[in-house]
Protein chains: 4
Amino acid sequence: MAAQAGKLVVVGAGAVGSSTAYAALIRGSARDVVLYDIDQAKVEAEVLDLAHGTQFTGASSITGGTDIALTAGADVVVITAGAKQKPGQTRLELAGTNARILEALMPQLLEHSPEAVFVLVTNPCDVLTVVAQRIAGLPAGRVFASGTVLDTSRLRWLLGERVGVSRSSVHAYIVGEHGDTEFPLWACATIGGVPLRDWAADGGGKAFSPEALEELAQEVRTAAYRVIEGKGATNYAIGLSAARIVEAVLGREDAVLPVSTVLSGQYGIDGVALSLPSVVGAGGVRRVLEVPMDDGELARLARSAEALRASARSLGY
Amino acid sequence: MAAQAGKLVVVGAGAVGSSTAYAALIRGSARDVVLYDIDQAKVEAEVLDLAHGTQFTGASSITGGTDIALTAGADVVVITAGAKQKPGQTRLELAGTNARILEALMPQLLEHSPEAVFVLVTNPCDVLTVVAQRIAGLPAGRVFASGTVLDTSRLRWLLGERVGVSRSSVHAYIVGEHGDTEFPLWACATIGGVPLRDWAADGGGKAFSPEALEELAQEVRTAAYRVIEGKGATNYAIGLSAARIVEAVLGREDAVLPVSTVLSGQYGIDGVALSLPSVVGAGGVRRVLEVPMDDGELARLARSAEALRASARSLGY
Amino acid sequence: MAAQAGKLVVVGAGAVGSSTAYAALIRGSARDVVLYDIDQAKVEAEVLDLAHGTQFTGASSITGGTDIALTAGADVVVITAGAKQKPGQTRLELAGTNARILEALMPQLLEHSPEAVFVLVTNPCDVLTVVAQRIAGLPAGRVFASGTVLDTSRLRWLLGERVGVSRSSVHAYIVGEHGDTEFPLWACATIGGVPLRDWAADGGGKAFSPEALEELAQEVRTAAYRVIEGKGATNYAIGLSAARIVEAVLGREDAVLPVSTVLSGQYGIDGVALSLPSVVGAGGVRRVLEVPMDDGELARLARSAEALRASARSLGY
Amino acid sequence: MAAQAGKLVVVGAGAVGSSTAYAALIRGSARDVVLYDIDQAKVEAEVLDLAHGTQFTGASSITGGTDIALTAGADVVVITAGAKQKPGQTRLELAGTNARILEALMPQLLEHSPEAVFVLVTNPCDVLTVVAQRIAGLPAGRVFASGTVLDTSRLRWLLGERVGVSRSSVHAYIVGEHGDTEFPLWACATIGGVPLRDWAADGGGKAFSPEALEELAQEVRTAAYRVIEGKGATNYAIGLSAARIVEAVLGREDAVLPVSTVLSGQYGIDGVALSLPSVVGAGGVRRVLEVPMDDGELARLARSAEALRASARSLGY
Ligand SMILES: NC(=O)c1ccc[n+]([C@@H]2O[C@H](COP(=O)([O-])OP(=O)(O)OC[C@H]3O[C@@H](n4cnc5c(N)ncnc54)[C@H](O)[C@@H]3O)[C@@H](O)[C@H]2O)c1
Ligand SMILES: NC(=O)c1ccc[n+]([C@@H]2O[C@H](COP(=O)([O-])OP(=O)(O)OC[C@H]3O[C@@H](n4cnc5c(N)ncnc54)[C@H](O)[C@@H]3O)[C@@H](O)[C@H]2O)c1
Ligand SMILES: NC(=O)c1ccc[n+]([C@@H]2O[C@H](COP(=O)([O-])OP(=O)(O)OC[C@H]3O[C@@H](n4cnc5c(N)ncnc54)[C@H](O)[C@@H]3O)[C@@H](O)[C@H]2O)c1
Ligand SMILES: NC(=O)c1ccc[n+]([C@@H]2O[C@H](COP(=O)([O-])OP(=O)(O)OC[C@H]3O[C@@H](n4cnc5c(N)ncnc54)[C@H](O)[C@@H]3O)[C@@H](O)[C@H]2O)c1
């Protein structure tokens, strides 16, 4: 199987980082995958476990360790490093911890890979994108977050199951914050060319009432909580999401993915990163699409932006 | 690489049939691929050439010959057998020749593979679908044509190139006859969630005027002619289209593809086969989608249906 | 992407089971993947996390839970369920615990999937294969362990790195117990057609002295310990190994893999399961290959067999 | 699906060239595939037909035409351009014609792609490799032929069918001339770790007598003739072989493939190109392996070399 050329560095060998590397190796998302972490025992064991399976994957290689020099010359850097929420710790305190980690990391990463595209996965990923982009001083398109790529995947799976159609034929997006204020763009959602709101139920009539749609949105919004409750983390779906984004960049795909980029005036929003359908290809995000939104959607987007701006400010950005 | 289970029989080892088998082997569209033709030297040579490359493909096998018994137990039968237009021969005369071939073939194929799904590729594929379905006496969903799957793929490639976005993010359909009366459903076409008609040009303003769209439709409509003029046939794109349809059936995908099924009342059309976005999965076409159409589109669909009905009638169906 | 038909049930949604499902989904190893575990919160969360990523995989589906009825009609069952070694617990005590789990599980699994092939991954996998095969009363080929498939993959990766050749061109096997008495078959090992023992070093001379080979064997033998020390478990490489075995069965591949089957006289060994290169295809293991071994190798194989026989006996088998 | 980075130029849009491009697009062997030919109508039609199918492939693009500037910056150039044997024309006359084409082509290709690796497919490919390498003045590893990669694939398929084992578990090589003097290396051939000559027949006893092996070799040697007789050309298997070689180069795989390189002293042969198992990776052939051969094999290799040297000489090389 062909493996895409290019060097992928995954920063953080935790549940998310190692799953991202695993998915990338199996899919051949990059020719060279490097796992970097500060925890030596952990990162070396993950690299070994991943390498031991490569008899059954394509040409991609996996190496890694604690030496920042290993990250040199990366084409894409996926950042999953970070502290996890501790009992009693607020989300904002967590954000502060992870922002501090980024402040130390970004300059080092950038020094070793001055041409890389940076993809933030560590949470809160929208806010940390602002932090990382400011620190790096790079164009917005080169520092973005996986954002609602994962949430959108969740929505499409749910919709596909609901209507009995392959999720690959479901076209709908979750936009805004990767978090509580996110929302779906129902107006432009289609299934196999049919507007979602016109989709016919099996027995006749519309399949989705406004309430049913709101329930679906709510189910997506709370999905991560349910997964974390049951297994302590989410890693598999985000690993695939991250690998998919890497492929779009390294493959110069110009594929549309709802990643989170620091905006500069779109929908009147500036200096805040949130997710919108975006063209992802060589060099990162090449264009943020302007999906038509109705007033309700515009208001929700503005609310998302405000929440994110407040978080960023409280971290000093 | 995993190969999808199931037995695929490709009838006709010409340019289209052998390309379909090649694509199916490389993609692992079916575990067992059988090529059947009446021309022994040809079919045995194609099978050998295909088999010689299997060191570099997955687990799928390829066999074949002139013995109809080889087709037994097929899960999907793709029919590419047929005469080609001879100089001076009208399209209708060709249709007659191919209808006669089908009349001889279908009963034999059905006898050996009573549970198979039949996919017509031989042209005129819409008309021949009516012929085959009548002969077989099977439910409409089990005998359908590749229809505008190929034309739709052509449209998406063109659109993707035009706007600089991956064709995988372009969602648009060509419907109607696989032929001169086919037309695109612009109203529900989207690119990455943005309605096609709202897509912004690089310099600002709408990217597509109604004239530009009509030109695109025309380019798709005449694409086959240009290919045939240059190389005498079209085979690669149709080979991939057929393999893709096979995967949707064998993989029980319920994927939406614009295949051509004998309609029974949709849009007021009955007993004519034409392409509409359809859910393709286990057992063939499971649902023909009712895409909202405006009056112009409805009129074009009716015109497509009338042209096809006339052809069928002239063949005695 | 084509997904192989067939139903894969993974028993145990722990680190190994969920990684197996993840690899199987990404690779399309089976059309339907079911995760079964007795821990409801855990299994439901894993299924959700896996399902959330399916936007980026092929047609395969993932479901699961704690209801044994979900396993019904499986084509392949991969068993990863089991207790883990507790501090102070001996390996034999652990074997006892896992044997008891199997005694309860196998009859239920068999009742729901009377035609399935069973692949043991839970350790000690060779001994548990004897247990499972006796309980099930099935032919040896239908109940086997992943055995040294993983260890062989480790060896090939190491050799590939050492000589600067793709691991896909390295052909060597680890055989015997999946554990301390395992050993490589150096005599028949080749790299791109060159006997391993003849492989030329870059500077001239043989690349591998007998001591160097023994070191490699030792590195493979202790690899799992090093991974477990660093990350607490091994899951990624075994997940890929299990997915690969599943593909060989469902794809009727007749691929040679060093799985562990209860022997019946080969090399004078009877009633003990250990790994030898075996043809894996429809219905499981179809043939255990008789690789020529020298006296030293035969002695090691006998030692492996004795160790395994003793373990099985102490568990009452 | 990930597409390997890099630019592949296929020179010659005939049966072989277009099949190579088709296989490369479906497999994602290169990010950018360019088809170049002097026949404008033909090449433009092939490019269009290939492009029309890309809705169903990965990120790879296909373009092409008659302008040599389109080939610029290639990473790998596969040369399939050439005249076909005309009635009454001897093989040597054909060689002359194709050598003249190369003499015109190589300088132009090299000028536009000074860093490319060149893979000769046009026949007689071994002799033309000498011609191309001399003209280009490049290191031997950068100008080589597909050689017996195709013949080896044929052999493995035959052996796999004969013993009922997946061809992926059959390890055997055809070496020497891509033509009548080629021969298999039986001594080092293995199936799943078992020496081929020791492989047990189903009923007991050795499966392969020396005569049976010689018959197999003969069947491989004459395979192309049988295919050409039946369909007028061979294209599918060679298309996959060429795509596979491209992947080894672009993926920096260091995979062992029996390609044909101008030798410099191996086995006492100098200045002649013939196939031997070789490590193919970044920059082309990185190492020609020295497989142990017995006296009979050495004699056959020498005979192959002499035949090829005579051909080259008669062309003035
Ligand atoms: N954006 C999303 O959609 C999404 C989804 C899931 C998880 N996440 C986030 O991903 C992050 C990682 O989650 P996880 O489950 O892998 O956590 P984890 O605790 O398992 O792993 C985090 C890893 O980061 C490493 N690390 C800490 N500081 C580092 C530094 N300075 N340099 C390098 N490595 C460092 C740690 O050693 C640890 O191995 C979390 O912030 C989580 O919230 C985001
Ligand atoms: N639907 C589409 O999108 C589409 C696209 C391309 C081509 N086509 C059609 O596909 C058909 C095949 O095209 P082609 O280029 O492969 O033609 P071809 O002439 O190369 O091959 C046709 C093959 O059918 C065989 N055949 C004839 N009668 C047969 C019978 N009774 N049983 C079995 N085999 C029989 C012939 O021996 C021949 O090998 C044509 O009708 C063409 O118009 C359709
Ligand atoms: N053979 C190999 O090469 C290999 C490699 C790695 C691990 N393993 C073995 O795989 C096994 C699983 O390892 P892990 O890391 O996933 O362990 P784990 O503890 O993470 O998971 C085991 C799972 O089994 C479940 N379970 C226990 N009893 C069950 C029952 N009766 N029915 C269904 N599920 C049940 C548990 O709830 C748990 O989720 C261990 O025995 C380990 O030694 C084998
Ligand atoms: N090495 C192998 O294993 C192997 C296998 C099969 C075929 N072949 C060889 O491959 C070659 C091509 O076979 P084919 O069936 O594709 O032939 P073909 O006649 O179908 O195509 C040859 C193409 O080369 C083009 N061409 C001629 N001169 C050219 C030039 N100067 N620049 C660019 N293009 C030019 C022609 O226009 C034509 O399109 C033959 O020499 C054949 O013997 C080799």
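**Entry 1: A:Ser260**

I looked up A:Ser260 and found it buried, with a relative accessible area of 0% (buried means under 20%, with a 1.4 Å probe and protein chains only). The model is predicted: local features need pLDDT of at least 70, side-chain atom pairs count only at pLDDT 80 or more, and totals for chains, interfaces and linings use all residues. Residues are numbered from 1 along each chain as its sequence is written, chains are lettered from A in the order in which they are written, and side-chain values use heavy atoms, with hydrogens and water left out.

I then listed residues in contact with A:Ser260, leaving aside those up to four places away in sequence; among them are A:Asp126, A:Phe144 and A:Leu274 (contact means heavy atoms within 4.5 Å). The side chains of A:Ser260 and A:Asp126 make a polar contact at 2.6 Å (a pair of N or O atoms within 3.5 Å; within protein, one must be able to donate a hydrogen and the other to accept it, and residues adjacent in sequence count only if both atoms are side-chain atoms). I noted that the backbone nitrogen of A:Leu274 lies 3.3 Å from a polar atom of the A:Ser260 side chain.

**Entry 2: chains C and A**

I next turned to the interface, where 44 residues of chain C are in contact with 44 residues of chain A. I found four salt bridges across the interface (a side-chain nitrogen of Lys or Arg within 4 Å of a carboxyl oxygen of Asp or Glu). C:Lys231 and A:Asp49 meet in a salt bridge at 2.6 Å, N to O.

How values were computed:
Buried means under 20% relative accessible area, exposed over 50%, partly exposed in between (1.4 Å probe, protein chains only).
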